[in-house]
Amino acid sequence: MDFLNESQRRAVVAKVVKTVDAKFVDPNQKAVDVSKLRSEHEPEIVNSTSGEDFERAMNSMLQKLGASHTGFFHESK
């Protein structure tokens, strides 16, 4: 798979944030501020220069949820 362009990376962030907002059950029963999550991590995700950097930045955002077994993996070649 070729590395995603900026527009595609933005679309992935939007989809992940939308899914977290709709489906995530907080194990600590604290509300997840998805707007803050997105604003803090979107610049790094969108400005990724490789698939590995993109994956690392997405996982950094998802780790803020504080849930085990939550991660993001890009498609390998």
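Predicted model: local features only at pLDDT ≥ 70, side-chain atom pairs only at ≥ 80, totals over all residues.

Guide: A residue is called buried when its relative accessible area is under 20%, exposed when that area is over 50%, and partly exposed in between.

The setting comes before the detail. The chain contains three helices and zero strands, and along the sequence the pattern reads α-α-α. Of the 77 residues in the chain, 31% are buried. Among contacts between residues at least 6 apart in sequence, 57% join residues at least 24 apart.

The buried residues of H3 are Gly-51, Phe-54, Glu-55, Ala-57, Met-58, Asn-59, Met-61 and Leu-62. What covers them includes helix H1, residues 6-23, and helix H2, residues 34-46.

Let us consider how H3 lies against H1. Two packed helices are described by the angle between their axes and the distance between the axes. The axes of H1 and H3 come within 12 Å and cross at roughly 20 degrees. Angles under 35 degrees count as roughly parallel, and H1 and H3 are therefore roughly parallel to each other. The crossing in which H1 passes H3 is right-handed. On the H3 side, the contact is made by Phe-54, Met-58, Met-61 and Leu-62, and these four are listed among the buried residues of H3. On the H1 side, the contact is made by Arg-9, Val-12, Val-13, Val-16, Val-17 and Val-20.

Side chains of opposite charge can pair when their charged atoms come close. The whole structure holds five salt bridges. In one of them, Glu-6 pairs with Arg-10, with the closest N and O atoms 3.0 Å apart. Both residues lie in helix H1, four residues apart, which is about one turn of the helix. Glu-6 is partly exposed at a relative accessible area of 39%, and Arg-10 is partly exposed at 38%.

Arg-10 also forms a salt bridge with Glu-42, where the closest N and O atoms are 3.9 Å apart. Because Glu-42 lies in helix H2 and Arg-10 in helix H1, this pair ties together parts that are 32 residues apart in sequence. Glu-42 is buried, with a relative accessible area of 15%.

Glu-42 has a further partner in Arg-38, with the closest N and O atoms 3.4 Å apart. Glu-42 and Arg-38 both belong to helix H2 and stand four residues apart, about one turn of the helix. Arg-38 is partly exposed, its relative accessible area being 27%. Taken together, Glu-6, Arg-10, Arg-38 and Glu-42 are linked in a network of salt bridges.

Technical notes. Residues numbered from 1 in each chain as written. Heavy atoms only, no water. Buried < 20%, exposed > 50% of the residue type's maximum accessible area, 1.4 Å probe, protein only. Helix = DSSP H or I, 4+ residues; strand = E, 2+ residues; numbered from the N terminus. Contact = heavy atoms within 4.5 Å. Salt bridge = Lys/Arg side-chain N within 4 Å of Asp/Glu carboxyl O. Axes fitted to C-alpha atoms, helices over the stretch in contact; angles between N-to-C directions. Parallel < 35°, antiparallel > 145°, perpendicular 65-115°, else oblique. Left-handed = near helix turned anticlockwise from the far one by under 90°.
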